[in-house]
Amino acid sequence: MTVLDDNESARRARRAYELGRSRFALLRGVPLLALALGYTWLWEGSAASVAIGVLLFAVSFVFAWRGRVAGRAILPGFAAGLVSLWCAHAAPACERTCIGGVTLSFYVLMCTLGGFASGTLITLLARRNPGVARFWLCAGAVALLTGSLACSCVGVGGVLGIAAGLALTGAPVLARRACT
């Protein structure tokens, strides 16, 4: 039997700890990747949706590995992103509407509305968590990627619509945090 010095024991313990955190993060990220790829396969079928799904997995893996506020924000962010995804599917892509003399795709407007709804949901949930601003930013990132699975088929306009909706609902939260 070999006696290990303190440095070797600490190194092994640290490696075991990091391996455990990585396994936990993988278990949190794989279902999101499976859902994103399944959605892409069933409805979208675009390369952009696959890339967004892989990015969603990577972000959720890092947030889960990091833990704390970022880890708690994954599921609420995903749920809020599903609201944006549903809003995008509720709009017929071919219709157009005119607002202020500018003709816009109704699909982009629904993506923006979905961003507002997602941002409002995240804002309500963020108020219950310590680290409000960090929770809002992490959940917002996951929601943006989740909603972008559907809104990316319109192009950058759909993704910017979600981002604008999220940013406008989150601005008071982030501004209040910056003032305190």
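1. Helices here are DSSP runs of H or I, at least four residues long, numbered from the N terminus. The model is predicted. Phe57 and Phe61 both sit in helix H2, four residues apart, so about one helical turn separates them.

2. How many aromatic pairs does a search of the whole structure find? The search finds one. The partners are Phe57 and Phe61, with ring centres 6.2 Å apart. Their planes meet at 40°, so the pair counts as tilted. Stacked would need planes under 30 degrees apart, and edge-to-face over 60. Phe61 is partly exposed, at a relative accessible area of 23%.

3. Now take H2 as a whole. This helix runs over residues 47–66 and has 20 residues. From first C-alpha to last it reaches 29 Å, close to the 28 Å expected at 1.5 Å a residue. After H2 comes Gly67, with a positive phi near 80°.

4. Which residues of H2 are buried? They are Ser49, Ile52, Gly53, Leu56, Val59, Ser60, Phe63 and Ala64. These residues cover an arc of only 130° around the axis, which puts them on the same side of H2. Ala47 and Arg66 are exposed on the other side.

5. The largest nonpolar core has 33 residues, and Leu56, Phe63 and Ile122 have the most contacts inside it. Helices H1 (6–44), H2, H3 (68–72), H4 (74–90), H5, H6 (132–151) and H7 (156–179) each supply at least two residues of this core. H6 gives the most, with 10 residues.

6. Look closely at Leu56. What does Leu56 contact, leaving aside neighbours within four places in sequence? The list is Leu32, Ala36, Phe78, Val142, Leu145 and Thr146.

7. Helix H5 covers residues 106–126, which is 21 residues. At 1.5 Å a residue, H5 should span 30 Å. Its end C-alpha atoms are 30 Å apart, so the two agree. The buried residues of H5 include Tyr107, Val108, Met110, Cys111 and Ile122. Glycines are on the list too, among them Gly114, Gly115 and Gly119.

8. Last, the cysteines. The disulfide count comes to zero. A disulfide would need two cysteine sulfur atoms within 2.5 Å. Cys87 counts as buried because its relative accessibility is 6%. Cys138 is buried as well, with a relative accessible area of 10%. The cut-off for buried is under 20%.

Terms used. Residues are numbered from 1 along each chain as its sequence is written. This is a predicted model: local features need pLDDT of at least 70, side-chain atom pairs count only at pLDDT 80 or more; totals for chains, interfaces and linings use all residues. Side-chain values use heavy atoms; hydrogens and water are left out. The expected span of a helix is 1.5 Å times one less than its number of residues. Buried means under 20% relative accessible area, exposed over 50%, partly exposed in between (1.4 Å probe, protein chains only). The arc is that of the directions from the helix axis to the C-beta atoms. A nonpolar core is a set of buried Ala, Val, Leu, Ile, Met, Phe, Trp, Tyr and Cys residues joined through side-chain atoms within 4.5 Å. Contact means heavy atoms within 4.5 Å. Rings of Phe, Tyr and Trp (its six-membered ring) pair if their centres lie within 6.5 Å; planes under 30 degrees apart count as stacked, over 60 as edge-to-face and the rest as tilted.
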